[in-house]
Each structure stands twice: as C-alpha cells, then as structure tokens.
Amino acid sequence: PHSRMIPPWSFSHGYFSSTRVAINEEDDDDVNYVPGWRQRMEVFPPNLHSSYLTREEARQLHKLGLSAPIEVSSPKKGVDLNFYSRVPYILPSERFKKSPHSLWGIMPSPFTTPKKYDHPFLYRDNVNSEQSYHLLDSLIVLETDLRKQQEPDTLIHDGYTHDLLGLYMISGVGLVDVDGDEHGGSAVKPTAEDWRQLLSISSYRAPVSPILLMLLLDPYPPKQLRASIHPLFLSLLVDSRMKSRFAASLGAIAYRSLTTLFCAGVGTEVDSPLTFTVQIFTTGSLVRALCNVDATRKLLGFDGVLNAGDENGFQDVFTLPIAHNIVRCIHTNLLGACKEVKMVLKNTVTDVGSHEKRKRNYVSALTYQHGESPHTTLLPAAPDDEFLDARSTKHKRLPPIIRDLEYVFETPGTALRLLVNGNGGSSFLESNIPQFPTMWSRLLRLAQGVDTQKRKISGGHVEYEQIRWLEAYSLSLHFAGACSKLAESQPNTAPNVEPASYEAMRKGMGNLFSALLCEIKWWLYNEFILDSGLPRSSRETNRLEALQRSTLHLSMSNLGVASASSDDGGKATALSCASYTKMTEVNLEMIENAIRIEQSQYQLNGAGRGMIMGDWLRVPHSPHAGDSLSFHLPLHRALARNIRSICSQTVPQELRERKSLWWLLPTIDAELCPEQSFSSESLEHPLSTLLRPALRASNCRVTWAAGPDCNSNEAHRRRSRSRAVSAAITAAKVIHSLCDHPLRCLAASEQITRHLWARNGSTAVGMAMNYSQPPLCQTFKDLDMTMVQLSASGLSIGLGARRVFSLLLSRFDLDGFLCDPERKQGNRSPTGANMISSWVSPPIMQDPDHAPALAEALFSTLCILVTELPPPPPKSSSDNSSIRIHIRRGLIHALAVQPLTNSKAMEAASMAVTLKDSTGADIDEAGISSFRSLCEEVLREISSQKSQGSR
C-alpha cells in the first residue's frame with residue numbers, strides 16, 4: 001500500500017537484538033559501538049518528514065543507493081542489500097479484497113509540477129551534492145466515495161466494496177491481480193475520466209501523513225492492535241502540536257469515512273477514533289481552526305522547511321468546514337437507509353462481479369454526476385422514513401455524531417458565525433458552499449413528518465404494537481438538543497473578542513428563519529426529495545397527502561364586493577393547491593383582484609399588512625376522525641425554539657428608545673415604517689418576498705386564454721403574474737402550516753390522554769406521555785404551544801385570534817358544537833317549548849360519548865394557550881423578571897394542590913425554572929442566596945405562612 005513509514009533496511013541479524021555494531025568498520029574501540037537500531041534512526045531521523053517513505057519511494061531510493069558510490073551502501077547506512085528480494089509485492093489473499101480504499105484513495109498530486117526530488121540519504125556525505133534523482137511525486141488522500149447516501153447494510157456485507165454504486169478503489173491491497181499482471185490490479189485501475197471525476201467531486205484532499213493514514217485505516221486492524229494504538233494517541237495529545245495535527249486529520253479528513261463505517265456497525269464508540277472527538281471539538285481554538293481554510297491547510301500540509309516554489313503544494317488541501325462536514329455525515333447515513341434507496345440498488349445492480357456493468361447501471365439520483373459536487377450540491381430529503389428501522393438508528397450510532405455537532409455549536413463564537421456568514425466565517429476555496437442554515441434545515445427535514453399515526457375508529461384493539469415510535473422520538477430529541485445548543489450559543493463569543501451585538505444576533509436568526517421557512521415550503525409541496533424514478537407506494541402517497549393537502553376557496557362576496565363576471569357564473573372558485581395549483585386566466589385575474597381588495601381593507605382598518613388569503617385556504621384534517629398525523633415537526637419546533645431564544649435576549653433600554661419597532665422578529669415580521677405608503681397594486685406580502693427564491697415554475701400552472709404562443713414582452717408579463725400569485729398562495733400555505741401542524745399534535749395528545757385512542761394500544765399512550773409530560777414536554781408540547789400563540793398574535797406571519805380559534809374547533813372535531821343557537825323556522829328548542837329562538841342540533845359523531853371529552857380538551861388547551869405566555873425580554877443582565885414569572889407560576893401550581901413546607905416550596909420553584917430553560921432564564925452560580933430571597937419574596941406575595949405552634 002501507499003502508506004508511509006521509515007524504510008526497514010536494517011533487517012539484519014543484530015537489528016532486533018541488543019547487539020552493538022561499530023560506527024566505523026576500522027574502529028575496534030567499544031566506545032564507538034552503538035545498538036543496531038541506532039544506525040537506521042540516524043539515517044532516517046523520526047522527526048523529519050523526509051524519513052517517511054512509501055514502498056515505491058523506498059524501493060526507488062534503495063535502487064539509487066546501490067548505484068551511488070560505495071559510501072551510500074556501506075554498513076554505516078544500515079542497508080540490507082537483500083531486503084527487497086523478500087518483499088511480497090502481490091497480496092492475493094481473499095481477505096484483502098475487501099479494501100478500505102473504496103471510501104478513500106491515494107494518488108499523486110496533480111497540482112505539483114514534475115521535478116527531481118533530493119533526499120538527504122543520497123548526499124549525506126556530500127558526495128552526491130551535484131546529482132539529483134527521481135522519486136515518486138508527493139501523494140494526496142482524496143475521497144473516492146461519490147454517493148449521495150451511505151447504505152450501511154450493503155457496505156459491510158459486500159466482499160467487493162469498490163463494485164458498489166459510486167465507490168472507486170484507486171490504491172491499496174485491494175488491487176488484486178486479475179489479469180495476471182505482475183503488479184496486480186490492472187482490471188480495476190481508474191481511467192483518466194475517473195481521475196478527473198474523482199478530483200472534481202471529492203469533498204476533501206490532503207497530503208499523506210502517517211497520522212492521517214493510521215486514522216483512516218483504524219477500522220480494519222484487529223481489536224487488540226487498536227486497543228494499543230488508542231492509548232498511544234491519548235498520551236500524545238498532551239503535546240499541543242501533535243493535538244493540532246491529530247485534530248486536523250480526524251476532523252477534516254478521516255471523520256467522514258470513520259462515521260460511515262461506524263454507522264454501518266464497524267466497531268463501537270469506545271474502540272473507535274471517534275472517542276477522541278470530545279478532546280478535539282471541545283477545544284475552541286481547534287474548532288475555529290477547522291472552520292478556517294488557511295489554518296486547516298497549514299495543519300494538514302507539510303510542516304518542514306519549504307523550498308522555493310513549493311507553495312503550490314498547498315493547493316492539494318481542501319475540505320468542508322467542520323460543521324458542514326458533520327451535518328453531511330448525518331444526512332448521508334440517514335438517506336442511505338431509506339426504502340427507496342434499497343429498492344434502487346436491488347433493481348439496478350444485477351451482476352456482482354462486473355465493474356463495467358455496474359458503471360452502466362449508474363443511477364444519477366444516488367451519485368454525484370458531472371456538474372455536481374459535495375461542495376455545491378444540497379443533498380435531497382428522504383422519500384420515506386425507513387431509516388427508523390436501520391442499524392444506525394436502532395443501535396444508537398447517530399447520537400455520538402450529533403453530540404459532536406453540539407460540541408461545535410457550543411464553541412464560543414462559532415454558532416453566530418455559522419448563521420451570519422453561512423460557512424463559519426472562513427475563506428474557503430469554494431465560495432458557493434451551501435449556507436449552513438440551509439444545510440441544517442434540510443437535515444431537520446429528514447425527521448419532519450416521520451412515523452405517521454392515525455386513530456383506529458373501527459375494529460378491535462391493535463394486535464401487534466410496533467416500537468419504532470421510540471426510534472422516532474429518540475431522533476427528534478437529539479435533533480432538538482442540537483437546535484437548543486445552536487440557539488443558546490449565539491451570545492457566546494470567543495476570547496478577546498467583543499461581545500456579540502443584538503443586531504448581529506438578529507441577522508443570524510433572520511438567516512435561520514429564512515432557511516426554515518423555505519424548507520417548510522418545500523416540505524408542503526413535496527419538493528427536493530430523492531427521486532430515483534421508481535413508483536411510490538400507495539401508503540407513502542396517502543401519508544404525504546394527509547399531511548399536505550389543501551384547497552383554495554375564493555369568493556368575492558366574502559370580501560364585501562360583487563362577484564366578478566366569469567365563466568362559472570360568479571360562483572365561488574375552489575382550486576386544489578396541495579403540490580401545485582392549476583388555474584385559468586380568469587381565476588388568476590380573480591385572485592389578483594381579491595388580493596388587492598384584501599390588502600386595501602387591512603390598510604384602511606389600520607391593521608398593517610395582515611395575513612394574505614386569510615379566509616380562503618381550506619385544509620381538511622381531523623385526528624379524531626382517523627386522519628394521519630405525525631408528532632415529529634423539527635422544522636416548526638426549531639423555528640419556535642429560535643423565536644423564544646431571540647425574544648429572551650437582553651434588549652437595552654437605549655435600543656428600545658432609539659428603535660420603536662425593536663420588538664419585531666427579524667425577517668418574518670414586516671418592518672413597515674408609518675411613513676411608508678401602501679400601493680393597492682402590489683401583491684407582494686412580506687413572506688411572499690421571502691419565499692420567492694423557493695418557488696418553482698410548476699407550483700402555479702396557468703392556462704392562458706390566448707394560448708401558449710406570445711411575444712417576449714407578453715411572456716415576461718405572464719411569468720411575473722403567475723409568480724406573484726404563486727408566491728401569495730405559498731405564503732398562505734406556510735402561514736397556515738405554522739399553526740395547523742403543531743395544533744394537530746396538541747389535539748391528538750389531548751385526545752389520547754382522555755382515552756379516545758384506546759384501540760391504538762399502549763403505543764399511543766407512550767407517545768402522548770412523552771409529548772406532553774415533563775421534562776420532554778419542553779421539546780415537543782411547549783414549542784407547539786409557542787407556534788400556536790405566535791400565530792394567534794397576528795401580524796404578517798400569523799392567522800390571528802379569530803382564525804386560530806376556528807382552527808381549534810376544527811382540529812378538536814367540534815365544528816358546530818359550540819355555535820350560538822340560530823333562529824330557524826320549524827325547529828324548537830329541546831329544553832323549552834315556549835322559547836322564541838330555535839335550536840340547531842349539533843352534528844352527529846360516530847362516537848357520541850366523545851363530545852364531552854373533546855370539549856374538555858378544547859377548553860383546557862385554550863386556557864393554557866391564553867395563560868402560558870412567554871415573558872418579555874429583559875432590559876439588562878440583572879433583570880430577573882423572567883425568573884420571577886416562572887417562580888410565581890411554579891409556586892402557584894404547587895400550592896394549589898396542597899400546602900407545602902418551605903423546603904418543598906423552594907424545590908417546586910427550582911423545578912419551574914429548570915423546566916423553562918428554553919426561555920434563556922438561568923440562575924447565577926453565585927446567586928443561590930439571591931434566588932432563595934427571590935423565592936421568599938414571591939411566597940410573601942402569593943401565600944400566607946401558617947403560625948408556628950408552641951413546641
């Protein structure tokens with residue numbers, strides 16, 4: 001293999017023994033004798049980069065040494081003239097065919113110019129100073145895995161991993177002798193086109209170094225050898241220079257292949273190099289270095305004295321930022337475990353032994369193609385949730401990787417740079433690397449809507465209860481933990497750096513809000529998922545339709561104006577807008593006029609720019625009636641978590657006085673100044689403008705009355721009109737979803753708690769308990785409450801109180817039950833025959849006895865929505881108003897149950913503050929006594945102390 005080592009040229013009789021050899025052949029003095037191994041160490045000093053050679057370099061150097069003057073091959077040099085006669089060049093053993101180099105490979109650097117390399121061995125005695133010799137060019141390690149996903153099951157079971165789709169093998173012992181070539185491996189050597197593809201698509205490149213090769217090869221030696229190497233690594237990490245090189249090799253290069261094999265089931269966390277990430281990713285200077293290209297290049301590059309003109313060698317080094325790299329590793333391992341990926345591999349790969357036939361059966365959806373690159377291509381979303389049953393999820397292989405991402409987020413200054421600059425604030429070679437908020441939102445989408453559930457409305461009790469819901473909750477909890485670390489770590493700044501300003505945090509949050517809202521749009525429209533061309537199953541199609549179906553109902557009479565003349569006689573128009581909206585030109589004109597009228601009415605009422613199409617969208621869904629729903633909404637909850645985080649940041653009084661609209665949320669709230677004029681001709685809603693980059697031409701399909709043929713000006717006008725209406729419909733769907741999907745989870749949880757899902761068994765009970773009970777409720781239910789409260793507050797991103805209450809009635813299946821009695825001729829009240837008003841009977845339920853329980857659940861949820869509001873942001877770091885609110889709430893709830901002793905009251909107050917850590921309220925470490933005094937002050941306000949009796 002092309003690994004580097006000190007040449008073993010002293011394999012003579014006395015090398016491994018304590019035999020002492022003379023430094024000079026003529027000397028017989030015992031003082032001039034040294035151990036045999038000392039001669040090799042003097043020729044190849046271990047501290048020099050030039051002492052570590054590949055096998056080919058050592059062979060060439062040995063040949064040059066034999067052709068040089070006699071001093072080169074003298075015993076002083078420690079040369080064993082017969083060594084290479086015993087080297088086994090070809091290793092045909094079957095156990096070597098499963099090569100580690102299918103995930104990475106080694107090749108000569110294409111960036112260095114061919115030149116003659118001088119080695120100190122050749123002119124040690126200054127006899128060859130006028131000569132130079134050809135050695136091999138410098139080598140680089142590059143990624144040979146061109147897959148967009150990692151299928152772990154196939155990776156560890158296939159004996160020829162280089163035959164898998166998207167994997168190349170370009171070096172190593174896996175190059176077996178297929179055609180009788182004495183050098184071996186001629187049949188699988190990459191072609192020139194393969195070289196170009198590998199260089200253009202590889203996500204990392206780095207010079208070969210001993211520590212890097214040891215990390216890359218770590219999964220393959222026996223456990224006994226790894227158990228000896230890892231303590232050596234740990235003892236060497238005390239040296240700062242060694243720790244820096246180790247961090248660069250592990251975090252920037254070897255991390256991807258190690259996590260790929262780890263998720264495939266190779267090794268455990270304790271006997272893998274991944275156990276060293278806690279030492280690496282908790283050191284702020286190293287994390288910041290791995291986010292900077294210059295620092296990474298210096299850590300991975302040559303550390304000796306550079307000769308003139310060698311600076312070009314640094315072009316070999318490139319890697320993704322550490323946060324991007326970890327997110328990509330998690331994403332690819334989840335994506336590769338999907339059912340559709342397995343079906344593609346099963347149906348496209350037929351001949352296991354034919355490499356060329358596999359290349360002909362390439363599937364473009366699974367591998368990077370020409371023009372694509374890991375640096376610029378955003379990975380697709382998962383088409384199904386089969387990864388919940390994969391080895392990486394069930395055997396808890398992903399939590400250590402997500403924990404590493406949390407370490408990176410917690411590094412002071414890193415979280416804010418990732419959100420503000422998108423690439424960690426580095427000047428990486430690729431300026432078009434996807435922004436981190438976009439990559440992070442796409443990763444969260446993998447868990448969006450997984451493990452769908454539906455209430456059994458008929459039949460008997462469930463016979464077989466699956467436990468995959470535990471894997472879904474585990475994945476959601478780990479994603480939620482990373483979201484919390486990202487939100488909480490923004491105020492943390494690096495040492496010797498000015499504290500992060502409030503405006504900088506608003507900018508970072510605005511970028512994250514934009515990415516999350518765009519990803520919610522793509523999820524609602526079922527876009528940017530892995531599309532292999534295989535037909536989707538009916539079960540998966542029905543699941544997506546239940547989560548995303550919607551209809552646009554438009555009637556001009558609802559806006560207080562006469563209906564426009566149209567072909568349908570002026571009736572209300574109903575357009576399906578689940579994944580796209582198809583309409584005629586008449587419908588388009590009607591929608592444009594209606595939007596102008598609606599926005600004009602908002603402006604006349606002084607309500608600003610309200611929700612667009614507020615009363616037009618219809619999304620039929622009822623958890624009680626058996627519609628599918630999912631308790632996992634990481635996109636919505638990440639948005640809620642970051643909203644609560646930005647609202648809990650300290651806003652100085654000076655900023656409040658200087659900026660009247662300081663309380664508006666960044667990006668998603670329309671910052672309209674009073675002096676700004678409103679144009680009734682404008683169809684742009686603030687959210688429509690934000691979502692325009694996420695629109696696709698297929699979202700709105702208009703049939704034009706004049707036909708498709710038109711001139712360029714007319715075509716531009718048509719595109720402008722259709723995009724404006726498409727953006728308006730998209731904004732309406734996203735705004736509705738921000739309230740609707742969390743509300744479905746709240747309704748289903750309340751129904752399960754009241755035993756209305758009894759036929760679903762203990763699985764539903766477990767999901768509702770983990771969703772609504774502390775401490776996990778702060779990850780699920782509390783954030784859903786925040787989204788519903790935000791929507792009820794109105795402004796430009798919310799439905800408003802009236803529409804939220806109407807949606808509450810619909811999701812709790814109580815439409816028509818809580819309406820006022822209506823006068824209707826012929827109907828009499830069932831409670832009084834002499835009453836003038838008539839009684840309207842409520843709709844008939846399939847389970848009539850569920851109506852009281854549903855009403856109780858509705859009012860309970862409504863009460864919590866109104867009373868459990870987040871506190872206002874503090875005015876200064878010493879403002880303890882938020883902690884006081886939580887203490888007061890916890891004590892009132894505890895004292896309402898029973899009287900408490902002083903110690904129990906303090907415990908209840910401490911628990912209340914701990915469970916509300918998502919608001920950013922923390923107890924000062926040095927202020928335990930002040931916390932106790934604050935609790936006593938609140939106790940005196942809300943309670944009375946019993947008089948102590950005589951002892």
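**Salt bridges and a strand pair**

A search of the whole structure, which is a predicted model, finds 32 salt bridges.

The side chains of Glu-143 and Arg-328 form a salt bridge with an N to O distance of 3.9 Å. This pair links distant parts of the chain, with Glu-143 in strand 4 (residues 139–143) and Arg-328 in helix 11 (residues 322–335), 185 residues apart. Both Glu-143 and Arg-328 are buried.

A salt bridge also joins the side chains of Arg-403 and Glu-269, at 2.9 Å from N to O. Arg-403 lies in helix 15 (residues 399–410), whereas Glu-269 belongs to the loop between helix 7 (240–263) and helix 8 (277–280), so the contact ties together parts that are 134 residues apart in sequence. Arg-403 has a relative accessible area of 26% and is therefore partly exposed. Glu-269 is likewise partly exposed, its relative accessible area being 29%. Both classes follow because partly exposed covers the range between the buried limit, under 20%, and the exposed limit, over 50%.

Salt bridges that share partners join several residues into one network, made up of Glu-143, Asp-145, Arg-147, Glu-151, Arg-256 and Arg-328.

Turning to the strands, strand 6 (residues 551–554) pairs with strand 7 in the antiparallel sense over four bridges. Within this pairing, His-553 stands opposite Ala-574 of strand 7. Strand 7 spans residues 573–576 and has a covered face, with Thr-573 and Leu-575, and an uncovered face, with Ala-574 and Ser-576. In a regular strand, side chains alternate between the two faces of the sheet. Ala-574, the residue opposite His-553, is on the uncovered face of strand 7.

Note on methods
Residues numbered from 1 in each chain as written. Predicted model: local features only at pLDDT ≥ 70, side-chain atom pairs only at ≥ 80, totals over all residues. Heavy atoms only, no water. Salt bridge = Lys/Arg side-chain N within 4 Å of Asp/Glu carboxyl O. Helix = DSSP H or I, 4+ residues; strand = E, 2+ residues; numbered from the N terminus. Buried < 20%, exposed > 50% of the residue type's maximum accessible area, 1.4 Å probe, protein only. Pairing = 2+ DSSP bridges.
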